[in-house]
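Grab a pencil and work through these exercises with the structure open beside you. Try each task before you read its solution.

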Amino acid sequence: MARPYSAFAVAQSQFDRIAELLELEPGTRELLRTPIREYAFSIPVHMDNGTVEVFRGFRVQHNDARGPAKGGIRFHPLETLDSIRALAMWMTWKCAVADLPLGGGKGGVVCDPHNLTPREQEQICRGWVRQVVRDIGPLRDVPAPDVMTTAQHMLWMLDEYETIAGGRYPGAFTGKPVGMGGSLGRQEATGFGVIFTLVEALGLLDLTPQQTRASVQGFGAVGQAAIALYHELGGTTVAVACWNQADQQAYTFRRTDGVDPDQLKSITNRYGDIDVARARELGYEVLAGDAWLEQEAEVLIPAALENQITPENVQRISPTVRLIAEGANGPTDPEADEQLLSRGVTVIPDILANAGGVTCSYFEQVQSNGNYYWQKDEVVGRLRVKMTEAFLDVADQAERKSLSLRDSAYLTAIDRVARACRDRGWV
Amino acid sequence: MSDTSPKPVTQLSERSKELRCLYRIEELLSDRSRDFDRVLQEIVNCLPEAWEYTSICQARLVLEDRDYTTAIFDAPVVSVSEPIITRSGQVGLIEVSYRASGAVRHFVPEEEQLLQTIAGRIGLAVEHRELQQVVHEIDQMRGGDRPAYHQWHTIVELLVRTDQKLYARMARKLLAHMCWSGVRDASCLFGDGDVAYLQAAEETGHNAPQGTAPRPDILESSARIFEIAEQNLSERTIFTLLQKWLKEDKASFIFRTLVNLDHPLTDVADAVRRFIDLNPPDGLEITEATGKGIQVLLIRRMITNQLEYINVAKRHLTIRDFYDLIDHVIIPARSHGVIGGKAAGLFLAARILRSYSKERPLLADVATPNTWYLPSDSLHYFMNYNDMEEMFEQKYKPMEEIRGEYPHIVDLFKSSRFPPEIVHGLSMALDDLGPNPIIVRSSSRLEDRFGSAFSGKYKSLFIANQGTKQQRLAALLDAVAEVYSSLFGPDPIQYRVERGLLDVREEMGVIIQQVVGNRVGDYFLPTCAGLAFSANEFRWSARLSREDGLVRLVPGLGTRAVDRTADDYPVLIAPGQPGLRVNSTPEETAKYAPAKLDAMNLATNRFETIGVDEFLKACGEELPGVERMVSTFADGRLTQHSRLMLDFSSELVVTFGGLIDDRTFISTIRDMLEVLETEIGAAVDIEFAYDGRRIWLLQCRPQSRSTDTEPAPIPKNIDERDLLFRTCRHVSNGLLPDISHIVYVDGRRYGLLPSAKEMRAVGNAVSRLNKILPKRRFVLIGPGRWGSRGDIRQGVSVGYADISNTAALMEVATEGAEFTPDLSFGTHFFQDLVEASIRYVPIYPGDEASTLDERFLSRAHNELADLVPEFAALDQVIRVIDVPKATGGRILRVLQNADLNEAVGLFADPTAAQPARSPRSPDHRPTAAVRSAPDDHWRWRYEMAERIAERIDAGRYGLKAMYIIGSVKNAAAGAGSDIDLLVHHAGNAKQLRELQTFLEGWSVCLDELNYQRTGYRTGGLLDVHYLTDADIESRTSYAVKIDAVTDPAEPLSLG
């Protein structure tokens, strides 16, 4: 057997491949292969039953050459520095590909919120901030919610930060509720972002949304927003797949002349489960969960789970499909990705397609720092500009160097970070 | 006033006058501070007011040598009189008459009855006064520093003077006392047989008037006894004994009624009423021992014979409680019934809580709904009245017949008539309960008994109770009849067969209880309701202990908390640690929030299930306490709002956040559970409802110990070689008797997998195995956290659908290099596990007392490659073990015992319920005798499958072979199982269509037959998997089952 699977090792080898293409000098490679700063510390907490427990906390700032580090805080019982390093590195590339003036970071606490009362969780949040307060903040490192952390956790952390800092710094954390330093449009940002890149990608294929049909996997926040905007722009969604909690299986809902997003939304519960019986009544065909993949359409939008398009099912994708926009993280298996490339299907990689979320986080930070909050259409308008620019940069480079969009996205990102390091005279 | 028959209004006002008079007399007699002479005079004065022609009415009362009359008393024209009787015989009389004026009048029967009642009441009072006087005199004698023991003579004289029978009884007791104390003279007297007369004197009922005094010889013998006593006992002894016996004697009537089982319940009720009325509010003064004796007898007569219950109940129930109870029991004249199990539990629990209300002030606010009872034998009166006794033989019929006839029985019961006294009683109950919805519940003797789980088998019916009195009464009678009929339902009979309770004489009482709640729009419902368990058997965190308890809380009526539903979830709270929630993120909380609620629709008079969203939008604003029930879900956050600020058009999630934060609610429930568990001496579960203001206790019983939650006995001296694992941390209760397969994911090798892709493949393989292995007959053992959503190294990545058929989910905390794993406790799909009764077992091999036989798991033959060839590459990581094959025919048995905090998995011989057999041997053909045995579901299915194969025209349909797989083949089929068939088809498309049609016909037909037998309906009993030649060749799909190593498909011979 080989050595154990390590997320950080995988992230490093991914970087090494691009570094090779970019012919980065060894010093730069060494700097970018490893985080620039890591904090590991203990958080003692008085538990509700009177005992004291000590939790292990982390913050990794992978690189902040382009701006303050940005990245989530995870609460997970089996959290390790290894996975946090990998995720921090990924944040660096993600911010860079969207051309945001931000670096990458990630943090976490080894704990299981299922085992903690709300008061204990609050103590952990405040304890975490007390340990790293000197090294985070609106100008240094801006954490956000992640696995098992919520807006509430961010507010506790922000409050502790502001108490120690002696002022109001809403830009020190993102993911806050609207009215408490949050940004409008966060709900839709990722889904809209997918469509903004999609529209540009169609343009490169000489297509307009009106000429295309899409099949979408997932009808949660991302799927719903994406479909709504796509329809607004004249596109037709012929199939939507989603999980059904009651039946413990997924279904694909098809209407070849186009689904009605509002109608579907009206029979969908808050987790994105579409009511099967009502859908049938409304004239939708109810097919197997993976049928979304083989629909006759020009566009596929996997916006639910990772690892959905695999070497086993990639052949089932209809020959009509020209474009796949990865709304979810990692929906395409690398092997399947290569087959798609050889079939001439354009894949907008997740790091670019779903960067709408992090872009909106950036907007939240900007608004918080300026203590002035935009209307929703302003957020959406700026998102469009940002996503379009990011896509065109990646697409140009892909065109010039005959690369896949995925490789081009990583190349663009890593090149931007490497240049920032050089410009600063670090390497 | 006309002489024609009185109008209803007049009648009413007459009855009310009579009642007023009775109340007044009651009041006068109860006031012991008043002079008795004056009391009697006032009674006489108030009598005329109760008679129809008050102005010409006069009354007279003669008591011994005293005579009381109304102020005006002329010669009567017409009169009615009643004797006043005490235990010494007639002591006086009471007379009411009309004076000579106007026309001659007559008395109506009600008036005569009234006079009878009054005379009886005065008789009792006189008796009581006399006794009181005796006791008082004794007390007087005791007064001062030194009791004047010698004055016992005076007592005896007093007795001879006032109550000779009492005197005789005292003598008898004294005689018996002396005999026991070894007084020789006394023994002689006893031996003479002289005392036989005493017995005789005693046994004449105190209720029967006996005009004559005891015979002189009785008095003589008694005097002789006292002489002997004087010679042999100290004065002090005699005095003390007499004093004690006299006190007890006051209450002897209730004793005599209770001891004699021939007295019907009405007599018991009368005795209790008399006991209390003689000295309200708590009844006659009696010694503690006598009180206990009476209490126990009352418990026996009215509640239950069960010793465990009596032991607890006698500490809490007072005679006064029974006095309050009897007014709510509808007692048919000759009834000897009890109020039944369910009623008993609630009645006792309410009293226990009351007795703690000082110590735990929160409990003072817990209420119980107004409840009426029909005793357990009322069913027999009902059936007797309708000549339906032969129905009791129903339970001995074959199950198919029982099921087939049941709908007719329900109809028959519903169209039968009730005896008038029951109708009358129910009508009174309705008046008392008022026009709110009511629930009619069974309360049979078998239900809710200590140590048995006969719960939920009989019907409970909600009725809206709307409309005119007549309509309401009709609906109530209908419901009671339907509840009665459920005694003959197939499910409870089946249950009784299984438990060996079939021949027990089953009686069914009925509880009629107000539904707790408020009218909201057209609906009537409580704000929330639920079940609470004092022992938590489903712990989602290692920090929770069993003692923290568990609450299943739902909005609306509690029915949804009782039943486990697949698509909806109750909110789970551990009252001991309410901060530790199952779901910690707002998304999880929202996902597992209740989405539906049950309520009574008063407009349609029906019980309905409605979507919570729909309900809140329509009428949430009117629901009391709604702000404590819901949170607003917006922006990824759940927030609570005050009632005023709650926006019912926004997205609302039922979290009960306000109720939980408030702490009073949860603390009250916790106090209830703690107190009831301590007093009852066993874990309890309660049903409760919250109407927005207070908590109502609806039911209490010892925690049901279904196989789900029963602690499995763990044998001592287990041979270590038979042990697969032992674990001693965070153990819940449970028993998995016959596990045939183990799916083991080797934690060390899993951790060494080179990429996330391989790790995901492990999850996919498990998902595939979940579909192939026999349902609930296999266990999953894996490292760290099943369903891990974070770092995939921390556990196999699966969703609930991927493990839904397992019997148990086991997590092994193998110490790794990088981290000590923390187990998940199934948190990722905890609520799904709970609702599906999938057991969770954490194993900590690092613990000293824990073991896991990894040697066995890694050496036994691995079936993985044969079962799912596509995952053969993972055979180092996933090991599928066919237990019988690897252990020479044994199975794995998992025993979990939370009491011992120990769980073991051991290899054992299969239980008798799963006989080692060849299913094809003719010996196992169903016979009449085994027809309704619980394990015959597979037999019948197997036979049917054989029948299909025999009848099928293979050539016509292009059929090559037919196989049977799954639960029927494995003799594990349950009442709801389908028949899994593999059909090897080699014909053309038309033949295939025809074959499908043919089998579809069978499928529907068998489903109907199965419904007749078991009550399960699935829409089609056959689950047919069609295989082609290509499938067989490439061993794809179900073809792997044919000639498989593990659990192979069994061929059926074609006709």
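**Exercise 1.** Work out how many residues of chain A are in contact with chain B, and what classes they belong to.

*Solution.* Start with the count: 33 residues of chain A are in contact with 39 residues of chain B. Here, contact means that the C-beta atoms, placed from the backbone, lie within 7 Å. Next, look for the helices involved: α4 (118-132) and α5 (151-165) of chain A each give at least two residues to the side that touches chain B. Helices (H or I, at least four residues) and strands (E, at least two) are DSSP runs, numbered from the N terminus. Finally, sort that side of chain A by class: 16 nonpolar, 13 polar and four charged residues. For the sorting, Ala, Val, Leu, Ile, Met, Phe, Trp, Tyr, Cys and Pro are nonpolar, Asp, Glu, Lys and Arg are charged, and the others, Gly among them, are polar.

A quick note on the ground rules: this is a predicted model, where local features need pLDDT of at least 70 and side-chain atom pairs count only at pLDDT 80 or more, while totals for chains, interfaces and linings use all residues. Residues are numbered from 1 along each chain as its sequence is written, and chains are lettered from A and ligands numbered from 1 in the order in which they are written.

**Exercise 2.** Compare the radius of gyration of chain A with that of a compact globule.

*Solution.* First take the rule, over C-alpha atoms: 2.2 Å times the number of residues to the power 0.38. With 427 residues, that puts a compact globule near 22 Å. Chain A has 22 Å, so the two agree. Then check the extent: the C-alpha trace of chain A spans about 60 × 55 × 50 Å along its principal axes.

**Exercise 3.** Find the order of the strands in the five-stranded open sheet of chain B, and say which stand at the edges.

*Solution.* Read off the order: β13-β12-β11-β19-β20, with antiparallel pairing. Strands pair if DSSP finds at least two bridges between them. Now the edges: β13 (571-573) and β20 (695-702) of chain B each have a single partner strand, so one side of each lacks a neighbour in the sheet. Within chain B, β11 (residues 528-533) and β12 (residues 550-555) pair over six bridges, and A532(B) has V551(B) as its bridge partner in β12(B).

**Exercise 4.** Describe the hairpin of β14(B) and β15(B).

*Solution.* Strands β14 (residues 596-601) and β15 (residues 606-611) of chain B pair in the antiparallel sense over six bridges. One bridge joins M600(B) to F607(B). Four residues sit between the strands, and N605(B) takes a positive phi near 60°.

How values were computed:
Two residues are in contact if their C-beta atoms, placed from the backbone, lie within 7 Å.
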